[in-house]
Amino acid sequence: MTVTEDADGFIELDRVEKVFDVRKKTGFLKRERRQVRAVDSISFRVARGEMVGYIGPNGAGKSTTIKMLTGILTPSGGRLRVAGIDPSRERTRLAHRIGVVFGQRTTLWWDLPLIDSYRLMHRMYRIPDARYRANLDRCVELLQLADLLDVPVRQLSLGQRMRGDIAAALLHDPEVLYLDEPTIGLDVISKARVREFLRDLNAERGTTVLLTTHDLQDIEQLCSRVMVIDHGRLMYDGPLAGLHEAGESERTLVVDLDRELPPIDAPAPARVVRVEGPRQWLAFPAAQSAAPLVARIAAEYPLVDLSVREPDIEAVIARMYEERAIT
Amino acid sequence: MGTGRLYAAVAVGGFRRYATYRAATAAGVFTNTVFGLILVYTYLALWDERPQLGGYDQAQAVTYVWLGQALLSTLAIGGGGFETELMERIRTGDVAIDLYRPADLQLWWLAGDLGRALFQLLGRGVLPFAFGALVFDVALPSDPATWGAFLVAVLLGMVVSFGIRYLVALSAFWLLDGTGVAQMAWLLSFFCSGMLLPLNVFPGVLGEIVRALPWSSMLQAPADVLLGQADPLGTFLFQGAWAVALLAAGRLVQSAATRRVVVQGG
Amino acid sequence: MGDIGHVGQTGRVADGLRAYRLIVAMWIKSTMAYRASFVMTTVGNFAATALDFVAILLMFSRVDALGGYTLPEIAFLYGLSGVAFGLADLAIGSMDRLGRRVRDGTLDTLLVRPVPVLAQVAADRFGLRRLGRVAQGALVLGYALATLDIDWTPQKVLLMPVMLLSGAAIFCAVFVAGAAFQFVAQDASEVQNAFTYGGTTLLQYPPTVFGKELVRGVTFVLPLAFVNWLPASYILGRPYPLDLPQWVAFTPPLVAVACCALAGLAWRAGLKTYRSTGS
């Protein structure tokens, strides 16, 4: 079978399933077998050059999906293609075309200097010398790795290691990059640097990016499209704004006034949800701009300080459930 | 009250910690049994050639092999005790936290290691020994008092083993990388404890020397008590003397090391 | 996609060997950066291995023969077993870490690279210090060859390198099969020791020492006897405890190939289990 790369479906999943046999201890020596559907009939397509967020609570099936897309795990059912390749059958062929970053585990050689890992990748992926040089130089510059190249990986901080891992995943010019929790545990500056780099990569090289995350800000700043998975099922697939609508998610404006006052009289749908001394919390729809609300409060109240808190994914998804239960 | 209970709790913790690794324990039992099987045949060949070698008959030599397999991990003769962890804590500086704990450093680790040793004795020792006793001709006493004396000798052996390894671990205060020292210590204890070959088989002066060293308290002494080759009281005295000497040396080195930590500012 | 045929298979083997070489070269380079530590650990490795031989020397301080074999004859068996096992240990001795890799999930990072996982696992943490074990075995073998009065023929001379390499391959198969078992039982890496370290210890002593059942087991079931017992019996001109024709002494290469093939199948099955269960 020759493969035509459908521009609409660079990554294609058609009713993909993954069922695990779980054995649970139920007593001394007694074990109970049961099947868990980690991924339950998921279908989606990602076009070349898209940047998609894949989110959901812990154990929702995100990592299992990524593992099937990279060929680590064999699906129990359904059809799955990446760049026209069946990942589980031709794992090593696919490996040349994909880059993978696991947030929690490094793909670098732990005891060796960073540069040694890159040299090994160079030979292992059979990257032409000129291309390797160019890619390495670019990554070193943009990810600010120059001072870290001779440091053994185990001595790098989490943020440094993550940048090192991202560079390692890109040396062979992959057409698609999978990122599993790329900003987990990173400080604010490292997060910003990683996000900026990924944005540029996608814009300049057209690399398709699929990222799983717990951090809604990753999605907001990077992805035009988001998919939500829970209990192995695809709950939502569309733009981020739509997710907020679907989940009726709310942001929170935290206001510090110069003294204790009765709850602020805010224009609906914004409302005060909590008062604690001079500090008040107002909830308002996530899809709405905070500016008019802030302007109004600043004009009418003795404002000292304020901050906006983003909704977290768990809350958004919990609301999606409530919504379904009602309708 | 309090302190006794504290160390008992630490010992229980040490026991529990090793008890959670069930598959690893089962694997260890299997490996000890296979090694016991191989060694039994070589010992039988040796005693076939020289009956009554070292004062043992064949059944006693076979018993000795299975005893060695049963006590190998209990006495951490080839490593596997607390020493690697303590050395790592010294290297990373975490030991400073231990020093601020309202408990004695040496007793703390002793209690934990005794808990570990007790688990290894029950979890890893009993099965290979039982296998050996069922499959081969062994020489076991019928007298419960001898068994009791044997258990006391094993307990003292555990303390002596701890005393040696505590000194080894503390060397990490002065040496950058203590793994070399630890490895040498394991080799030495393999050779001098009787794990390699019963010490009464060692020739001439070499035999006399190894039998006087503290390591002989570990495997040789309990074995001789069980096999009725040694007077229990004299053995206890020998083991006890070494235990006290090693623990005292440990205290001295520990206080020197602690001063060092304080001077360096932790 | 129909290209996963014979060409694909030999291609994979070549790919695997190439990747193995690359990774090993990197570890050697990094070892050489800390030369003093390399020397120390190699000496330690040598000393730890030598302990087994010290035990044999101690035995011979009290007896003149063991199982009817003299000290040089046992040294011959010991040296062959030590070198063969040492070579296997040097080549892929780190494979017993597989269970840990499965447990902490780092095996996944090997599965996304474009080279066979077996090559990556085998080359991981390649320890040049294990030359200490090979050197110790070679030294004892040298002593045996110098003291033994062997009636050398061209066949016997040829059998020496063939036996060592086949023996190393048989032990490699044991390492691979053991690692494959760890896909199923991740905490059971010690089981492997019974067959690797236990195996080499067994072969250090003459077959006449052991019970007939055990000798049958390591001849017909887990064919460790082909590492040294059978070919060495031929070279020393001694009867093998089991009644086998003489040409069996020349079969170690065939046995090695069969063992490696079986171990390869076990590895595949293990990896397949991992890829369908993810644990």
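Student: Which residues of chain B form a nonpolar patch on the surface?

Tutor: B:L118, B:L122 and B:V126, with about 260 Å² of accessible area together. Patch residues have over 30% relative accessible area and no salt bridge; like charges are joined within 9 Å and nonpolar side chains (Val, Leu, Ile, Met, Phe, Trp, Tyr) within 5 Å. Areas come from the Shrake-Rupley method with a 1.4 Å probe, and for residues only the protein chains shown count as cover. This is a predicted model: local features need pLDDT of at least 70, side-chain atom pairs count only at pLDDT 80 or more, and totals for chains, interfaces and linings use all residues. Residues are numbered from 1 along each chain as its sequence is written, chains are lettered from A and ligands numbered from 1 in the order in which they are written, and side-chain values use heavy atoms, with hydrogens and water left out.

Student: Where is B:L122 placed?

Tutor: In helix 6 of chain B, residues 105-135. Helices (H or I, at least four residues) and strands (E, at least two) are DSSP runs, numbered from the N terminus.

Student: Which residues of chain B does UniProt list as "transmembrane region"?

Tutor: The unreviewed entry lists 21-44, 64-82, 121-141, 147-176, 188-213 and 233-253. UniProt positions are in the numbering used here, feature names are shortened, and annotations may be inferred rather than shown by experiment.

Student: How much helix is there over 21-44?

Tutor: Residues 21-44 of chain B are 96% helix and 0% strand, with the end C-alpha atoms 34 Å apart. For residues 64-82 the model has 42% helix and 0% strand, and the ends are 26 Å apart.

Student: Changing topic. How many residues of chain B and chain C are in the contact?

Tutor: 29 from chain B and 30 from chain C, where contact means heavy atoms within 4.5 Å. The two chains bury about 2700 Å² between them, 78% of it on carbon and sulfur atoms. Buried area is the accessible area (1.4 Å probe) that two parts lose on being put together, summed over both.

Student: Which residue forms a salt bridge with B:R124?

Tutor: C:E190, with the closest N and O atoms 2.9 Å apart. The count between chain B and chain C is one salt bridge, meaning a side-chain nitrogen of Lys or Arg within 4 Å of a carboxyl oxygen of Asp or Glu.

Student: And how many across chain A and chain C?

Tutor: Five salt bridges. A:R105 and C:D108 meet in a salt bridge at 3.4 Å, N to O. Chain A and chain C bury about 3200 Å², with 56% from carbon and sulfur atoms.
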